[in-house]
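Follow along with the sequence and the model open.

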Amino acid sequence: MAIVQTQELRKEFGHNTAVDGINLKTEEGEYLVLLGPSGCGKTTLLRLLAGLEQPTGGDVLIGGEVVTRLPPRARKIAMVFQSYALYPHKTVRKNITFPLAAAGVPKDEWHSKVDWASDVLGIGRLLDRKPRQLSGGERQRVALARALVREPQVFLFDEPLSNLDAKLRTTARDELKEFQKRMGVTTVYVTHDQVEAMGLGDRVAVLNNGQIQQLGTPEDVYVDPANTFVATFVGAPPMNLLHVRDEVIGFRPENLLPLETVGEREGQMVCEFEITRVENLGSDRYVYGSIPKLDPEARVIAKLPSTLDVPVSPGARERYAVDGSKLRWFHRDTGQRVEPPPSGLPQGADR
């Protein structure tokens with residue numbers, strides 16, 4: 001295991017800044033997920049950690065050693081790519097042994113290392129097959145085995161599940177988490193999929209415009225977003241944001257509930273919810289509408305579980321409530337989190 005650290009790491013491509021002075025430090029053996037939209041700098045950051053890109057400024061440290069100018073093979077890392085990059089003409093066994101040969105590992109050690117890695121990942125029966133004879137999930141495990149035989153200090157994953165269908169992604173996500181827990185190797189994982197990030201990460205670093213917007217546990221990032229970008233990027237549906245006079249308030253869709261189901265009590269924001277559309281998704285209902293008294297322009301979503309048996313009709317105006325403790329406050333201009341007012345409720349809201 002090793003700690004991965006960056007110090008004022010920066011990468012520019014011409015006039016474009018992909019990574020903008022990032023300071024980041026993992027914990028030993030943790031699963032750190034880099035989450036963000038396309039073009040936010042997360043893959044460039046991963047490539048800088050791997051040594052596939054050279055930084056414009058700053059340093060990369062692995063295990064306390066500055067590796068900024070070291071080539072990838074000298075960093076004791078293993079990287080799994082989105083495409084898996086398996087050699088189609090080689091068997092699974094030869095794909096797994098390829099990095100051993102490239103690293104100059106004695107040939108008499110190959111067999112035991114391949115057997116160990118294939119046993120860990122349950123692919124012993126596939127060793128004599130070619131990649132074209134494997135499913136997407138099996139190819140992923142072969143790519144992991146090829147990385148594992150190098151006995152790296154750090155695993156780097158670049159969206160390895162994006163080529164799998166939705167059902168297989170769920171299974172593969174569970175396998176990846178269990179694999180990392182067994183091996184205890186520090187892992188940095190890049191994804192744009194918030195479900196993957198929340199399900200896999202011990203901590204999540206949310207990136208945008210080459211900078212870390214927030215670093216914390218999945219629960220921290222979801223419940224207490226640092227700014228409006230995190231609030232609306234993490235969560236499906238995203239956090240509702242209302243512009244109320246000089247304030248921006250946010251609340252998660254699952255916290256907006258019919259008043260008749262929660263009862264009226266002190267410390268609630270009670271509002272008239274004008275319903276425009278309802279989506280029944282089986283386990284949940286998404287109720288779309290607006291709160292004209294607070295912000296008539298904002299689209300608002302309430303997420304009602306199927307266990308909540310109340311009628312919901314487009315065109316209706318119903319009284320809904322959010323517990324004051326679930327409200328989050330942001331600066332209108334910067335989007336950064338701010339302290340709530342003394343009342344804990346927005347001006348103009350019903351108490």
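The model is predicted. Helix α3, residues 110-121, packs against helix α4, residues 136-148, at an angle of about 140°. Their axes lie 9 Å apart. An angle over 145° would count as roughly antiparallel. α3 and α4 are therefore oblique to each other. The crossing of α3 past α4 is right-handed. On the α3 side, Trp116, Ala117, Val120 and Leu121 make the contact. On the α4 side, the contact residues are Arg141, Leu144, Ala145 and Leu148. By class, the contact of α3 with α4 holds 7 nonpolar residues, no polar ones and 1 charged.

α4 also meets a further helix, α5, which covers residues 166-183. The axes of α4 and α5 come within 11 Å and cross at roughly 20°. Angles under 35° count as roughly parallel. That is why α4 and α5 are described as roughly parallel to each other. The α4 and α5 crossing is right-handed. α4 brings Gly136, Gly137, Gln140, Arg141, Leu144 and Leu148 to this contact. α5 answers with Leu168, Ala172, Glu175, Leu176, Phe179 and Met183. The α4 with α5 contact divides into 7 nonpolar, 3 polar and 2 charged residues.

| Strand | Partner strand | Sense | Bridges |
|---|---|---|---|
| β14 (residues 268-280) | β17 (residues 317-323) | antiparallel | 7 bridges |
| β14 | β15 (residues 284-291) | antiparallel | 6 bridges |
| β12 (residues 247-251) | β18 | antiparallel | 3 bridges |

β14 pairs with β17 and with β15. Phe273 has Glu318 of β17 as its bridge partner. Ile275 is bridged to Gly289 of β15. β14 and β15 form a hairpin with 3 residues between the strands. In that hairpin, Gly282 takes a positive phi near 90°.

β12 and β18 belong to an open sheet of 3 strands. The strand order is β11-β12-β18, and the pairing is antiparallel. β11 (240-244) and β18 (328-330) each have a single partner strand, so they stand at the edges, and one side of each is left without a neighbour in the sheet. From one strand to the next, the twist averages 30°.

Is Ser290 buried or exposed? Ser290 sits in strand β15. Its relative accessible area is 11%. The cut-off for burial is under 20%, so Ser290 counts as buried. Leaving out residues up to four places away in sequence, Ser290 touches Glu272, Phe273 and Glu274, as well as Pro296, Ala298 and Val300. One of these, Phe273, is the residue bridged to Glu318 in β17.

Finally, the whole chain. The protein chain holds 9 helices and 18 strands. Its C-alpha trace spans about 75 × 45 × 35 Å along the principal axes. Of the 351 residues in the protein chain, 50% are buried. Among contacts between residues at least 6 apart in sequence, 63% join residues at least 24 apart.

Methods
Residues are numbered from 1 along each chain as its sequence is written. This is a predicted model: local features need pLDDT of at least 70, side-chain atom pairs count only at pLDDT 80 or more; totals for chains, interfaces and linings use all residues. Side-chain values use heavy atoms; hydrogens and water are left out. Axes are lines fitted to C-alpha atoms, for helices over the stretch in contact, and angles run from 0 to 180 degrees between N-to-C directions. Helices (H or I, at least four residues) and strands (E, at least two) are DSSP runs, numbered from the N terminus. Angles under 35 degrees count as roughly parallel, over 145 as roughly antiparallel, 65 to 115 as roughly perpendicular and the rest as oblique. A crossing is left-handed if the near helix is turned anticlockwise from the far one by less than a right angle, and right-handed if clockwise. Contact means heavy atoms within 4.5 Å. Ala, Val, Leu, Ile, Met, Phe, Trp, Tyr, Cys and Pro count as nonpolar, Asp, Glu, Lys and Arg as charged, and the others, Gly among them, as polar. Two strands pair if DSSP finds at least two bridges between them. Buried means under 20% relative accessible area, exposed over 50%, partly exposed in between (1.4 Å probe, protein chains only).
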